[in-house]
Amino acid sequence: MRVYDPYKLKSFLLLMWIKHVNRIKQLADAVSNLDPSLFKSVKKPTDCPFGKWLATYKAENEELRKLIKEAEEYHNMLHESVGRVVSIIKNELPDEEKRRKTLEEYYSSVLRNKNNLVTVLESLTSLIDEAAALKEKSSRCQERTGCSNRSCHHSVKQNRKSHKDPSRRCLEELSGYC
């Protein structure tokens with residue numbers, strides 16, 4: 001995973017998640033009041049910044065690629081289920097039936113998709129934390145050895161002699177993280 005600043009990526013993911021949680025709260029208000037004007041629906045998942053990022057981010061690391069694809073799928077399903085809830089609120093059904101149908105849809109679909117997306121985002125942030133730890137290890141390695149190779153992440157087992165040996169693969173190459 002080539003993340004030059006894993007902290008920025010993690011911050012971005014958390015910010016996007018917070019925005020989606022706030023939107024789900026707005027949807028809950030619209031559901032409670034049976035008032036679709038309390039929630040402005042985003043038609044396509046790629047119309048929101050997070051969906052656009054998920055659709056366009058190209059990861060080199062296979063594990064990261066899989067997690068992003070999974071997050072994109074759950075994000076798309078979340079938008080789809082939100083759209084269904086909004087359409088249920090707009091239907092011309094008697095209030096009691098409308099409320100029951102809306103709440104049933106809301107809890108069964110939106111929350112399930114939200115929870116699935118949370119699980120994937122937790123995995124993504126864990127992977128990013130690993131990348132940050134390797135980046136920190138690289139900085140310590142550079143300070144200790146004076147290595148000018150900024151992408152070098154040498155294993156603790158390597159000694160100073162093998163450090164400069166170009167035939168040795170550094171931890172970055174072994175792990176695929178940077």
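How do the axes of helix α1 and helix α2 cross? They cross at roughly 135° and come within 9 Å.

## About the model

This is a predicted model, in which local features need pLDDT of at least 70, side-chain atom pairs count only at pLDDT 80 or more, and totals for chains, interfaces and linings use all residues. Residues are numbered from 1 along each chain as its sequence is written, and side-chain values use heavy atoms, with hydrogens and water left out.

## Helices α1 and α2

Helix α1 covers residues 6-33, and helix α2 covers residues 49-56. Helices are DSSP runs (H or I, at least four residues), numbered from the N terminus. Axes are lines fitted to C-alpha atoms, for helices over the stretch in contact; angles run from 0 to 180 degrees between N-to-C directions. The crossing of roughly 135° makes α1 oblique to α2. Oblique is what remains once angles under 35 degrees (roughly parallel), over 145 (roughly antiparallel) and 65 to 115 (roughly perpendicular) are set aside.

From α1, L9, F12, L13, M16 and H20 meet P49, F50 and W53 of α2. Contact means heavy atoms within 4.5 Å. By class, this contact has seven nonpolar, one polar and no charged residues. Nonpolar here means Ala, Val, Leu, Ile, Met, Phe, Trp, Tyr, Cys and Pro; charged means Asp, Glu, Lys and Arg; the others, Gly among them, are polar.

## The buried face of α2

Four names stand out in α2: F50, G51, W53 and L54 are buried. Buried means under 20% relative accessible area, exposed over 50%, and partly exposed in between (1.4 Å probe, protein chains only). Seen down the axis of α2, its buried residues fall within an arc of 160°, so they line one face of the helix. The arc is that of the directions from the helix axis to the C-beta atoms.

## The nonpolar core

The largest nonpolar core has 33 residues. Such a core is a set of buried Ala, Val, Leu, Ile, Met, Phe, Trp, Tyr and Cys residues joined through side-chain atoms within 4.5 Å. Those with the most contacts inside it include L13, F50 and Y106. Helices α1, α2, α3 (62-90) and α4 (95-145) each supply at least two residues. α3 gives the most, with 10 residues.

Y106 touches I24, L27, A28, V31, V85 and L111, not counting residues up to four places away in sequence.

H20 lies in helix α1. At 10% relative accessibility, H20 counts as buried. Beyond its neighbours within four places in sequence, H20 contacts C48, F50, H75, L78 and H79.

V21 is also found in helix α1. V21 is partly exposed, with a relative accessible area of 24%. Its C-alpha atom is separated by 8.4 Å from that of K114, 93 residues apart along the chain.
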